[in-house]
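Please open the model in your viewer and keep the selection panel to hand.

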Amino acid sequence: MTVGALALVGGGEWSAGCTFDAELLAASGADEVVVLPTAFAFENPHRHVERAVAWFGELGAKVRALDVLQRTDALDDANAAAVRAAAFVYLGGDSPMHLRSVLKDTPVWDALVAAWRNGATVAGSGGAGSALLDPMFDPRGGAFTVGLGLVPNLALLPEAEDDVAEHHRRTLELADKGLALATVQRCTALVFDGSAWRATGAGSVHVFVDGEERDLASLPTPA
């Protein structure tokens, strides 16, 4: 099995500047994007889905939104089947703790992992992208907590400022030895294309290991 593309987006999903979405869509070979607005559950998720519909419509693709907003939705076999069959799954939203609590140890999460390991493209933006990894950046205090673990030993700090070392000194100090911390700005993506990591989009991506800035080659290879 070969994992599909993985895009960790810094936020600002489905808006001008996210040029990488066209690339991800083409790489997936899909004409439909399955959107999970789970991490938007407390922010009028259907309004955000409408943005996704408009955005991907301009790129020539349809959006299928799955209302996986609470844990019972993630235990639903029909939702799991839709995710498992998807060629492109996109998770958006700024509530990583809610996303983790809804998806952890559920059929929908197992289906997402299976789809990705069978070549599907997966994108996570903002807090949703952070929750996909392990450890997960906790925006409440800048520390780390347990994430869903799609890629271990990698953490995402979304909506990163230009001077991460100054604004997130505590986060860098709290990172475990050897942990790769990727800081990604809005409308920017850190993408694993199946063989290597690359940065794309409107802003910048930086990688820190043991408090020192490194290059993208320091990031763990998904398996």
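The lining of the largest cavity is made up of 6 nonpolar residues, 1 polar and 1 charged. Keep in mind that this is a predicted model. To see the lining, select L172, A175, L179, L181, F208, V209, D210 and G211.

## The open pocket

Next, select D94, P96, G126, G127, S130, F137, P139, L157, P158, E159 and H168, which line the largest pocket. Two elements each give two or more residues to this lining: α7 (126-131) and β8 (154-158). The largest share, 3 residues, comes from α7. Colour the lining by residue class and you will find 5 nonpolar, 4 polar and 2 charged residues. The volume of this pocket is about 170 Å³.

## The nonpolar cores

Now clear the selection and pick L6, L36, L91, L103, L112 and L154. These have the most contacts inside the largest nonpolar core, a set of 45 residues. Helix α6 (residues 107-117) supplies the largest share of this core, 6 residues.

Centre the view on L103. Which residues is L103 in contact with, leaving aside neighbours within four places in sequence? They are V68, R71, A74, L91, V108, W109 and L148.

For the last stop, select C18, F56, C187 and V191. They are among the 23 residues of a second, separate core.

Notes. Residues are numbered from 1 along each chain as its sequence is written. This is a predicted model: local features need pLDDT of at least 70, side-chain atom pairs count only at pLDDT 80 or more; totals for chains, interfaces and linings use all residues. Side-chain values use heavy atoms; hydrogens and water are left out. A nonpolar core is a set of buried Ala, Val, Leu, Ile, Met, Phe, Trp, Tyr and Cys residues joined through side-chain atoms within 4.5 Å. Buried means under 20% relative accessible area, exposed over 50%, partly exposed in between (1.4 Å probe, protein chains only). Helices (H or I, at least four residues) and strands (E, at least two) are DSSP runs, numbered from the N terminus. Contact means heavy atoms within 4.5 Å. On a 1 Å grid over the protein atoms alone, a cavity is a set of points where a 1.4 Å probe fits but cannot get out, and a pocket is an open set with protein on both sides within 12 Å along at least five of seven lines; lining residues have an atom within 4 Å of a point. Ala, Val, Leu, Ile, Met, Phe, Trp, Tyr, Cys and Pro count as nonpolar, Asp, Glu, Lys and Arg as charged, and the others, Gly among them, as polar. Grid points are joined across faces, edges and corners, and a volume is the space filled by probe spheres set on the points.
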